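Reader: Can we go through this one together? I'd like to start with the charged side chains.

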Amino acid sequence: MADNDNEKARETMCMALQGSQASSVYSLVAVEMLLLLVFSKLLHLLLLRRLGQPRLICDFLAAMLMANIDTVKHHFQLVIGDVIDPAGEFVFATYLFVLGLEMDPRLLLRRKGPEASVAYFGILSNFLLTLLFFPVLQDMHIAQKDDFLTSAGLAAILATTSSHILARLATELKFSRSEIGRFSITAGVTTDLLSTILMLVGYTCYSLYNQWKWTMIGITYVAVETILVFAVITPVVDWMNDRNPEGKPLKGQYMVAAFMIPAMLCYLARKAGYDWKLNAFLVGLALPGKGRISSFLISRINFSLTYLILPFYFVLVNMKTGDDGNSSTASFSMVGVFTILGGMGKTLGTMYAGIMRHDMKWEDAMRIGLLLNVKGPYHFFCAHMAVNSHLIDRNTMNTLMFSFLVSIAYIPMMAGRIRQKIKKSERELTGIQWHDAGEELRLVVGLHGPRNVPLAVGIIEAARVGTTSLAVYTMDMVQMTERAAAMLVHGQDLEEATVLDEQIMEMREHINSGLETYKEQLNDEDKKHLNIRRLLAIASFDDMHHDICNAAEDVKSVLIILPYHRRQMVGGGLSEGKTGFKNVNRKVLQNAPCSVGILVDRDQGRKKLASSLVLQNIVVVFIGGKDDREALALAGIIVQHPSINLMVARFLPDPAAIDKANRTGHQAFAFDADEDAEARADEQYFTAFHERHSGKKNLVCMDVHVSNGAETVAALRSLAERHELFIVGRGEVRWSLVTAGMSDWVEHADLGPVGDVLAASDFSTSTSALVIQQHDNRKEQKVIDDDFLPM
């Protein structure tokens, strides 16, 4: 009896010890995964991000290094069968579900243009080239069993395009708005959709050939499931969308239901004998891609995959790599073969369709072909599943994955070539002063958030009446954080990207609501002459100016209006604001293809805009120079609005101060020959403006005589008491009695001496300012101040 008790005690102790060891292993694996995430983040920030490489490459390289540490490998080998392999299948199914949810199968019926043609011929070319060169691949011993099956699977993998990676890289590297960028994204989505469907059909046919009984049951289930999704689940999802409008928090029960519905469908597919991973793609494809529920699923799953699950999965993948007898030279040659095979297949098909069928330039066709060769997580999943199915060996999987990395790594260099191609060496002067009054006036208005909308609307209303037609492109300026990058997807029209992050979506919804409220106050006739369109600039602060300048060039804007980086606080002063937006404004001032206005928005001015969207009193400060002439040109449009009282204050040196300056050997203005011509241009332009608009009752032109900069500041303060908005030129650097001494006080040189005074915290609590810089295509790329470095 005692022996039995001892035996049971020993068994209990052994089980407890094994449980303790297992718990210890899992804890160590968790700590190692945390270190992996930290290491990947540092690798991205300190090195690869500077080279334009995406986070995906950092995750794979970090996982590869960690997987080759013996201690880590030992810990993972202990749990790889129980946890990691099933987790890998779940990750693959989840990714396929989101892939299907973001796709619209109707694209295959609608796309009949050159993008669809390029996609079709790219897939066909990849298949033919892979089958043609398969004897060469056989000599490398990549197949473990059925040669035909291996060749078909390899051709399918190389034929696909990771449209999500392409769209994200195009957005981050600032070529998504170019003609080549838009064409590539559209063709990439079509390629992605068609190739994935072909792979699914091929897998089903192969399963039908080998296990026809279970496959027929699975196909029957898929048919019933499709009917169920369209007849029952889609109306339920639409009902859930109606119960959760945009801008409000998603209710908890609907979050649970959003995850449970696809999970239950995939579970039933597995019980029916059909591959539940491919069924996840079909479920995503059948469910509605639009709406709050779909956006919630896409954003949450994409974020989890990108920043938590994929690094963990890549460790698993690298654990599967090993040495099966191939030398390092052979492995290196295989990477080259796979890379060339994929790139050549896409390029040949694209060049044939683009050049022979659509008169495309061969350079553009080649670039599009190389862009369509980009690979992503889907291809890593497929390579891993091929090893698990014993279609290829581990060395082949390893070389395939390195070739996928190469297909991503060259995209930044390609983006630089594309940007260099679309950048014009010489631009025409583009500004309000040269705008033809009979043509549509186009403005790009940047917005940091809803707080910028009232004053922006006030300026839009001020310019609306004085133009034949006004087109305003409001651009939401969003910093590209890691969370935003993970939730970045291409729009439904495939023309531009959008972000599914709830905070960003809520911000954009509030902005849109403010703009819609403004348009509703207009009568039908006024609405015909005003067109407000929405744009999104999502980028890092270092690159956001590319989006803004490219958009202004694309829409042929004459003026870009950007919010000042500082905002008014409750006490009346201005906060320091975000330095990132400050540098964005400076880079736009240096690189813009048209005139630029920096809008200093004082919140107290909104009280006057609450009851009316019309700015009642505006003053234009005219001292001289091309920037002031541009401000006066805008005044010529604003003065047409009958509800606006406009004052043009021309600042001139006091005659007594001029005599004193002459006696001391100074001049009122220090001009060289060019500046003297500028002075004559100022006089002519101001005289023409006065003659053209002198009969208008809502216009007052006055001369303000001052002796120095201090008197100028005092005069500006007195004007601020009676006006809601200043419009002033940024001003060139030249000595004048009017601004004497003001340059010594300048805190923010990007606003110029007068603009800096108007933006000072102690200047006013209710008067905003618009500081304008006129476009100059002859300007040199100079820094604005010593602490700002150009690109």
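Predicted model: local features only at pLDDT ≥ 70, side-chain atom pairs only at ≥ 80, totals over all residues.

Reader: Which side chain does Glu440 meet in a salt bridge?

Author: Arg442. The N to O distance is 2.9 Å. Arg442 is partly exposed as well, with a relative accessible area of 26%.

Reader: How many salt bridges does the structure hold?

Author: Nine. One of them joins Asp627 and Lys626, at 3.5 Å from N to O.

Reader: Asp627 and Lys626, buried or exposed?

Author: Both Asp627 and Lys626 are buried.

Reader: Ok, what does Arg650 form a salt bridge with?

Author: With Glu683. Their closest N and O atoms are 2.6 Å apart. Arg650 sits in strand E9 (residues 645-653) and Glu683 in helix H28 (residues 673-693), so this pair ties together parts that are 33 residues apart in sequence.

Reader: And is Arg650 buried or exposed?

Author: Buried. Arg650 has a relative accessible area of 12%, so it falls under the 20% cut-off. Glu683 counts as partly exposed, at 38% relative accessibility. Arg650 also lies over the face of Phe686, 4.5 Å from the ring centre.

Reader: Where do Phe60 and Phe380 lie?

Author: Phe60 is in helix H2 (residues 55-67) and Phe380 is in helix H16 (residues 377-388). So the pair ties together parts that are 320 residues apart in sequence. Phe60 is buried, with a relative accessible area of 0%. Phe380 is buried too, also at 0%.

Reader: Why is the pair of Phe541 and Phe581 edge-to-face?

Author: Because the planes of Phe541 and Phe581 are at 65°, and over 60 degrees counts as edge-to-face. The centres are 4.9 Å apart. Both residues are buried.

Reader: Which residues do ring pairs link into a cluster?

Author: Phe60, Phe380, Phe402 and Phe404.

Reader: Switching to the surface. Which residues form the nonpolar patch?

Author: Leu34, Val38, Leu42, Leu45, Leu46, Leu47 and Leu51. Together they have about 650 Å² of accessible area. Leu42 lies in helix H1 (residues 2-46). At 44% relative accessibility, Leu42 counts as partly exposed.

Methods. Residues numbered from 1 in each chain as written. Heavy atoms only, no water. Helix = DSSP H or I, 4+ residues; strand = E, 2+ residues; numbered from the N terminus. Buried < 20%, exposed > 50% of the residue type's maximum accessible area, 1.4 Å probe, protein only. Phe/Tyr/Trp six-rings, centres within 6.5 Å; stacked < 30°, edge-to-face > 60°. Lys NZ or Arg CZ within 6 Å of the ring centre and 35° of its normal. Patch = residues over 30% accessible without salt bridge, like charges linked within 9 Å, V, L, I, M, F, W, Y side chains within 5 Å. Areas by Shrake-Rupley, 256 points an atom, 1.4 Å probe, with all protein chains shown as cover. Salt bridge = Lys/Arg side-chain N within 4 Å of Asp/Glu carboxyl O.
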